[in-house]
Amino acid sequence: MHHMDSAPGAKTIIDGREVNYFCGTGYFGLQGNTKLINAACHAMQQYGIASGTSRSGFGNNAVLLDVEEKAARFFEAEQALYYVSGYLGNAILLQGLSADYEVIFADAEAHYSVMDGAAMAKKPVVRFAHCDVEDLQRKLTATLKPGQRPLVITDGVFPTSGAVAPLADYDNLLSTIEGAIICVDDAHATAVLGLKGQGSLEYCGVSGERRYSSGTLSKAVGGHGGVIAGSSAFIEQLKKHSSIPYGTSSVPVPAAAASAAALQLLMDSRALRQQLWDNVAYAKAAFRQIGFTDIPDTPVPIICLSPSAVDLGKLQQTLFDKGQVVLHVPGGSYTSVPKSGAIRVAIFSTHSKQQIDELVAEMLLGMESARCSVFAESK
Ligand SMILES: Cc1ncc(COP(=O)(O)O)c(C=O)c1O
């Protein structure tokens with residue numbers, strides 16, 4: 001197994017060698033940012049590594065409160081809840097909202113955290129076809145008894161395919177059902193999508209009552225932990241009815257302080273987001289030029305390549321040998337991966353155009369040789 005010997009960024013040291021890094025989720029390259037590191041070190045001097053208890057048991061502190069205050073400002077909400085991992089956000093929403101719905105409808109490709117959260121909610125779960133509003137409509141009609149309220153849950157951006165859920169279509173459909181709820185796992189859209197970076201609901205123009213999302217500070221934001229923002233009444237409801245926020249130790253202080261610094265940085269400057277979108281548009285255009293014509297034209301920094309008759313494992317290795325690091329995700333090994341597997345390319349705001357050009361050029365060469373080897377093996 002490989003090992004990372006530096007902070008992840010556009011240039012990362014892997015196995016002792018500096019490479020062009022196009023993996024993971026540090027879309028702004030903030031994990032190695034000096035402001036975040038200084039904030040973490042400074043807070044650790046005062047508070048140590050972690051509180052060693054939950055927030056209800058004296059584990060609350062000014063750094064955690066600062067993250068929540070900044071997250072509330074970032075999402076233009078009254079209040080925010082900060083907890084130990086984005087993974088738990090769906091469970092917190094589904095437990096916290098338990099009195100407000102009867103049946104969960106989940107996208108068939110939803111992330112593990114969505115399905116684990118649904119299992120913890122102990123309510124009936126119906127899966128609908130991936131990103132398919134018509135199938136959702138059929139399943140709603142076939143399942144709901146009079147007076148029952150649905151809760152539809154989906155990833156906002158799917159982690160491997162980079163597809164954006166059709167949230168505006170879901171919103172239109174569900175606005176006709178009294179009390180219907182939409183919950184979005186926005187792990188890959190937090191700070192990335194929407195003019196204000198508020199995620200896929202903002203990007204899709206969906207807002208209002210009973211439209212919720214959970215985000216993460218562990219990916220693009222460069223810190224650590226999960227956040228949910230909303231009205232004070234809603235956040236208090238989650239705290240009261242979910243066992244998770246107060247049944248876990250609080251987020252370690254260095255990670256929390258780095259997260260607060262990152263949120264401030266992202267609020268101070270929208271330039272990072274614009275730079276990311278520019279790089280994404282540039283990279284997608286370049287990949288289209290070498291034949292990947294079906295790459296969707298969205299600002300999502302995930303490019304999913306699934307060329308036919310190419311040994312994708314060999315392609316990843318060939319690129320790695322050339323100092324270009326992308327991720328081969330075999331079919332069925334993760335959520336939202338095409339059956340034949342994929343090469344997942346993550347674009348960062350900090351990649352230079354030259355790095356992107358080098359990757360695309362090596363990808364073309366690598367595909368030729370990986371394709372030849374597939375033909376040679378099949379003879
Ligand atoms: C769609 C999705 N949701 C949730 C998570 C978990 O987020 P975190 O790493 O902040 O726990 C991931 C992580 O990979 C993810 O891809």
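Author: Let us begin with how axes are drawn: they are lines fitted to C-alpha atoms, for helices over the stretch in contact, and angles run from 0 to 180 degrees between N-to-C directions. Helices (H or I, at least four residues) and strands (E, at least two) are DSSP runs, numbered from the N terminus. The model is a predicted one, in which local features need pLDDT of at least 70 and side-chain atom pairs count only at pLDDT 80 or more, while totals for chains, interfaces and linings use all residues. Residue numbers start from 1 along each chain as its sequence is written.

Reader: At what angle do helix 2 and helix 10 pack, and how far apart are their axes?

Author: Helix 2 (residues 62–74) packs against helix 10 (residues 253–268) at about 25 degrees, and the two axes are 9 Å apart. Angles under 35 degrees count as roughly parallel, over 145 as roughly antiparallel, 65 to 115 as roughly perpendicular and the rest as oblique. Helix 2 and helix 10 are therefore roughly parallel to each other.

Reader: Is the crossing of helix 2 and helix 10 left-handed or right-handed?

Author: A crossing is left-handed if the near helix is turned anticlockwise from the far one by less than a right angle, and right-handed if clockwise. Helix 2 passes helix 10 in the left-handed way. For the contact, two residues qualify if their C-beta atoms, placed from the backbone, lie within 7 Å; among those taking part are Val63, Leu64 and Phe74 of helix 2, and Ala256, Leu263 and Met267 of helix 10. In the classes used here, Ala, Val, Leu, Ile, Met, Phe, Trp, Tyr, Cys and Pro count as nonpolar, Asp, Glu, Lys and Arg as charged, and the others, Gly among them, as polar. The contact of helix 2 with helix 10 has eleven nonpolar, two polar and three charged residues.

Reader: How do the axes of helix 3 and helix 4 cross?

Author: The axes of helix 3 (residues 89–96) and helix 4 (residues 112–121) come within 8 Å and cross at roughly 30 degrees, which makes helix 3 roughly parallel to helix 4. Their crossing is right-handed, and the contact includes Ala91 and Leu94 of helix 3 with Val114 and Met120 of helix 4.

Reader: In what order do the seven strands of the open sheet lie?

Author: Strands of a sheet pair through backbone hydrogen bonds, either parallel or antiparallel. Two strands count as paired if DSSP finds at least two bridges between them. The seven strands lie in the order 3-9-8-7-6-4-5, with mixed pairing, and the edge strands, each pairing on one side only, are strand 3 (79–83) and strand 5 (125–128). Strand 4 (residues 103–107) runs parallel to strand 5 and is joined to it by four bridges, and Ala106 has Arg127 in strand 5 as its bridge partner. Helix 5 (residues 133–143) lies across strand 4, strand 5 and strand 6 (150–155), and runs at about 150 degrees to strand 5.

Reader: Which strands form the open sheet of three?

Author: That sheet has the order 1-2-11 and mixed pairing. Strand 1 and strand 2 are antiparallel over four bridges, with Thr12 opposite Val19 in strand 2, whereas strand 2 (residues 17–21) and strand 11 pair in the parallel sense over two bridges.

Reader: Which residues come nearest the ligand?

Author: A residue is near a molecule or strand if its C-beta atom, placed from the backbone, lies within 6 Å of it. Of the 13 residues around the ligand, Gly86, Tyr87, His111, Ala187 and Thr216 come nearest, and the shell divides into three nonpolar, eight polar and two charged residues.
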